[in-house]
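Open the model in your viewer and keep the selection panel at hand. We will go stop by stop.

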Amino acid sequence: LETAADGRPFLKNTLDLFGTLFTSLELWPHSRVSKTFPYSFTTDEATAKLASLRFSQFSCSPGPNNHAHITCWGEVNTFCLVRQAAYETLQHFMDARLIENAVTPTLEKIEMPNGLYTVTPKGLHIIERFITNKCLSEHQLLAVFASNPVCTTLLHVKRDETDKLDMSLSMVIKIFRRFVGQHHVPAKTKEAPKSILQYIEYSEMCPLTSFQKRTHTGQQRLYQHCFSAVAAVKWLCDFVSFVGYNEAAEIAAHFERYGLIKLVSDMNVDQSSAIMYSVGSLEDDSSMMVEVCEFKLANEAIYCITLRGRKNSDWNRLAPPRVGSVTSTSSSITHEKPNVDSNDKFDHLQYILAHTARHPHFIEYLKLSFCDEYYLFWAEVNDLKTKFTQSSHVTVPHNSDITDVMESELKKRHRYLTQIVSRIYSTYLAPSSQSELIIDHTLRNKVIQFVSAAKQGYTHMLFLSSRKISISKLRTIMELYEEIQANIFQLLATDIVPEFIKTSHFLALKQCVED
């Protein structure tokens with residue numbers, strides 16, 4: 001068997017050996033602690049089979065010159081593993097989440113000599129693929145497949161010639177989207193057993209919950225979309241073609257490095273028992289990451305999905321969780337002097353945005369948090385509102401020699417405003433746009449439907465030959481943009497500002513104002 005740098009067999013060899021073993025090993029009921037476990041096997045049964053495992057395969061294909069002529073050939077593979085090597089192989093299967101302890105599924109070490117085990121849904125999927133690819137008879141396993149959940153959504157990750165994982169940005173994002181799912185409850189079949197229904201729900205995404213943490217000021221802060229590090233690594237091993245916790249923890253470290261997740265709490269972590277996984281730069285370097293990052297693998301280490309993570313997930317197909325209601329007046333800056341010493345997060349955001357000299361420090365922090373596009377949208381719409389107000393206040397005099405000139409100038413202004421509106425839409429709001437924002441699903445649909453209707457039959461998105469109609473449509477989409485501004489204002493105030501005011505960027509901002 002080919003082995004990787006860490007001494008383990010290549011993934012392909014691991015799966016072939018696993019498929020060979022379990023297409024020849026009989027799974028039958030075993031009793032432990034007054035309970036019977038169907039379709040299970042013992043350590044001794046598996047090691048005895050691995051001591052002399054023969055696998056025959058016959059393949060047929062049409063001849064190269066005459067398709068009526070069928071060529072057949074056979075292949076026999078023999079695996080002979082001594083007892084210790086057999087134990088290590090079973091442990092490798094367990095690390096890859098292909099088998100688990102039947103009595104105590106949380107146990108992660110092979111019990112010698114008479115432990116009892118069952119094949120996991122991931123393992124059944126591998127066996128099913130092996131049977132299909134090798135054109136084998138599956139009659140002895142039909143009952144196993146029918147009565148147990150089988151993983152049908154396993155994500156297979158590319159590997160290079162040395163069996164190292166593909167850690168490109170596109171692959172990291174692909175795994176992350178599988179990890180967070182689509183935030184909806186899957187359709188269920190009423191006839192399926194309860195265990196299968198529970199597994200289907202679990203397979204949709206890593207279970208997320210809320211987490212409350214006491215801040216340095218003594219206040220309680222609620223974090224949404226949280227998970228424990230250990231639960232995340234186990235889930236990744238169950239639904240991605242990883243061969244152990246090391247690979248799953250490594251990809252989780254890349255999640256954190258790219259700003260998709262962040263550490264919320266590690267207060268109760270026993271630092272001596274926690275395992276740290278560090279990752280460095282990738283070949284396809286990107287601006288949306290830090291140079292080096294560590295993922296802390298411990299039960300008490302709590303992480304959450306960040307704003308950048310929600311943006312890069314498939315959740316934008318549905319409405320994101322709402323924090324509360326906010327009026328449209330929150331999107332603009334009041335003329336009253338904001339109180340920087342206030343504990344209110346909205347007061348802090350008012351203070352930050354009240355003067356453009358303070359914006360660069362805020363933008364720099366937003367870039368580090370991978371969500372500067374929210375500020376950019378807010379600023380561009382503010383600028384658009386100013387231009388729109390100036391244009392709306394221009395009136396065309398009647399019975400004047402300059403009427404035609406003024407009409408032409410107004411049309412130019414409307415065309416200019418239309419170009420700005422179109423650019424903002426295509427940059428931040430259009431599906432799959434360059435800097436697509438995560439906003440309320442209903443609000444997004446309103447904008448998309450309005451723009452789609454306005455574009456029909458016109459070269460320019462909203463510009464019509466009639467100035468009156470053009471103003472009406474521009475005003476409508478401006479109102480929609482202001483609603484999105486209000487949504488973003490609240491998002492920045494609740495998710496970004498509480499962390500920003502603790503950083504050196506905020507201190508620099510205050511110093512800049514005082515100077």
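## Stop 1: Ile-175 and the cores

Select Ile-175 first. Leaving out residues up to four places away in sequence, Ile-175 touches Leu-155, Val-157, Leu-236, Val-240, Phe-242, Ile-251 and Phe-255. Keep in mind that this is a predicted model.

Now widen the selection. Ile-175 belongs to the largest nonpolar core, which has 76 residues. Which of its members touch the most other members? They are Phe-22, Ile-175, Phe-179, Leu-236, Phe-255 and Phe-295. In soluble globular proteins, nonpolar side chains tend to be buried together.

## Stop 2: the whole chain

Zoom out and switch to cartoon. The protein chain has 17 helices and 12 strands. Colour by burial next: buried residues make up 48% of the 515 residues. Among contacts in the chain with a separation of 6 or more, 67% join residues 24 or more positions apart.

## Stop 3: H1 against H2

Select residues 11-24 for helix H1 and residues 43-51 for helix H2. Their axes come within 10 Å and cross at roughly 110 degrees. H1 is therefore roughly perpendicular to H2, as angles of 65 to 115 degrees count as such. The crossing of H1 and H2 is right-handed.

Show side chains here. From H1, pick Leu-17, Leu-21 and Ser-24; they meet Ala-46, Lys-49 and Leu-50 of H2. By class, this contact has 4 nonpolar, 1 polar and 1 charged residues.

## Stop 4: H7 against H8

Move on to helix H7, residues 194-204, and helix H8, residues 229-239. How do their axes cross? They come within 10 Å and cross at roughly 105 degrees. That makes H7 roughly perpendicular to H8.

On the H7 side, select Tyr-199, Tyr-202, Ser-203 and Glu-204; on the H8 side, select Trp-235, Asp-238 and Phe-239. These residues make the contact. By class, the contact of H7 with H8 has 4 nonpolar, 1 polar and 2 charged residues.

## Stop 5: Ser-137

Finish in a loop. Ser-137 lies between helix H4 (121-133) and helix H5 (142-147). Is Ser-137 buried or exposed? Its relative accessible area is 52%, so Ser-137 counts as exposed, the cut-off being over 50%.

Ser-137 and Thr-23 are 9.1 Å apart in space, yet 114 residues apart in sequence.

Definitions and conventions. Residues are numbered from 1 along each chain as its sequence is written. This is a predicted model: local features need pLDDT of at least 70, side-chain atom pairs count only at pLDDT 80 or more; totals for chains, interfaces and linings use all residues. Side-chain values use heavy atoms; hydrogens and water are left out. Axes are lines fitted to C-alpha atoms, for helices over the stretch in contact, and angles run from 0 to 180 degrees between N-to-C directions. Helices (H or I, at least four residues) and strands (E, at least two) are DSSP runs, numbered from the N terminus. Angles under 35 degrees count as roughly parallel, over 145 as roughly antiparallel, 65 to 115 as roughly perpendicular and the rest as oblique. A crossing is left-handed if the near helix is turned anticlockwise from the far one by less than a right angle, and right-handed if clockwise. Contact means heavy atoms within 4.5 Å. Ala, Val, Leu, Ile, Met, Phe, Trp, Tyr, Cys and Pro count as nonpolar, Asp, Glu, Lys and Arg as charged, and the others, Gly among them, as polar. A nonpolar core is a set of buried Ala, Val, Leu, Ile, Met, Phe, Trp, Tyr and Cys residues joined through side-chain atoms within 4.5 Å. Buried means under 20% relative accessible area, exposed over 50%, partly exposed in between (1.4 Å probe, protein chains only).
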